[in-house]
Amino acid sequence: MSLALLHTSPVHVPVFDALRDAHHPGLVVRHLVYKDLLDRAGVLGPEAVAGDVEALVNSAVADGATAVLCTCSTIGGVAESVGARLGVPVLRIDRPMAAAAVRARRVTVLAAHHATLEPTRALIAEEAERAGQRDLEVRTVLVEGAWERFEAGDHDGYLDLVAAAADAVTDADAIVLAQVSMAGAVTRSVTRIPVLSSPRAGLDAAAVAAVRSRSRARTAGRV
């Protein structure tokens, strides 16, 4: 049983290794890091990298992955679509977080990268429809200057800006941190509004998918 994680930044590797060690110690994880996917998706749109994502998923499965987790919210929808086409469990990191967010009525989405705002909004709308939540109000906020800090390697400055943006929200029942890299801001924020992040819940869901996929393959006699 193994899980391939598709990242667009190397900073996510130790984060998910730590989560795996703490919560899924038997899970074999392989990290695939391709920063250019986010760079191109930010300029041309997520669909522009669909072919590359499909090739990476195929390669991961050929190398033994029983499921793939895309940790980039910008291209997560594309990754899910690729998985559906190929018949492979491909999960997006932020879907469990979005499912939790729609239990609230007013949701504020914070993102550091502009290309993440619309995919996250669309995902929350999809989860709201699935849950029958018709009164949901979603507001999106780009945290100005945060991505520049992230790109410069100023991790503390980046998280401080995200936390300050969360603390500035006053008219929401839940705050969604749209990107994996923002998760550390949860402990820096002092807001009383619930702040949701994606890494733990997303990895939990992917671990379950990897186990189920392995079991199905065994039942079918493929392993």
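Me: What makes E80, R95, E126, E127 and R130 a network?

Reply: These five residues are linked by salt bridges. A salt bridge here is a side-chain nitrogen of Lys or Arg within 4 Å of a carboxyl oxygen of Asp or Glu. As background, side chains of opposite charge can pair when their charged atoms come close. The structure holds 22 salt bridges. This is a predicted model, in which local features need pLDDT of at least 70 and side-chain atom pairs count only at pLDDT 80 or more, while totals for chains, interfaces and linings use all residues. Residues are numbered from 1 along each chain as its sequence is written, and side-chain values use heavy atoms, with hydrogens and water left out.

Me: Why is the pair K35 and E151 called a salt bridge?

Reply: Their N to O distance is 3.9 Å, and the cut-off is within 4 Å, so the pair qualifies. K35 belongs to helix α2 and E151 to helix α7 (residues 146-151), so the bridge ties together parts 116 residues apart in sequence. Helices are DSSP runs of H or I with at least four residues, strands are runs of E with at least two, and both are numbered from the N terminus.

Me: Which helix holds both D36 and R40?

Reply: Both lie in helix α2, four residues apart, about one turn of the helix.

Me: What makes D160 and R188 a salt bridge?

Reply: Their closest N and O atoms are 2.9 Å apart. The pair links distant parts of the chain, with D160 in helix α8 (residues 155-167) and R188 in the loop between β7 (174-177) and β8 (195-196).

Me: Why does T120 count as buried?

Reply: T120 has 2% relative accessibility, so it counts as buried. T120 is placed in helix α6 (residues 114-131). Leaving aside residues up to four places away in sequence, T120 touches S73, D94, V109, V176 and A178; contact means heavy atoms within 4.5 Å.

Me: How do you know which residues of α3 share a side?

Reply: A50, V53, L56, V57 and A60 are buried in α3. They cover an arc of only 125° around the axis, which puts them on the same side of α3. That arc is the one spanned by the directions from the helix axis to the C-beta atoms. G51 and A62 are exposed on the other side. The buried residues pack against several elements, including β1 (2-7) and α4 (76-86).

Me: What makes the overall chain agree with a compact globule?

Reply: For 223 residues, a compact globule would have a radius of gyration near 17 Å, and the protein chain has 17 Å, so the two agree. The radius is taken over C-alpha atoms, and the globule rule is 2.2 Å times the number of residues to the power 0.38. The protein chain has nine helices and eight strands, and buried residues make up 50% of its 223 residues.

Definitions and conventions: Buried < 20%, exposed > 50% of the residue type's maximum accessible area, 1.4 Å probe, protein only.
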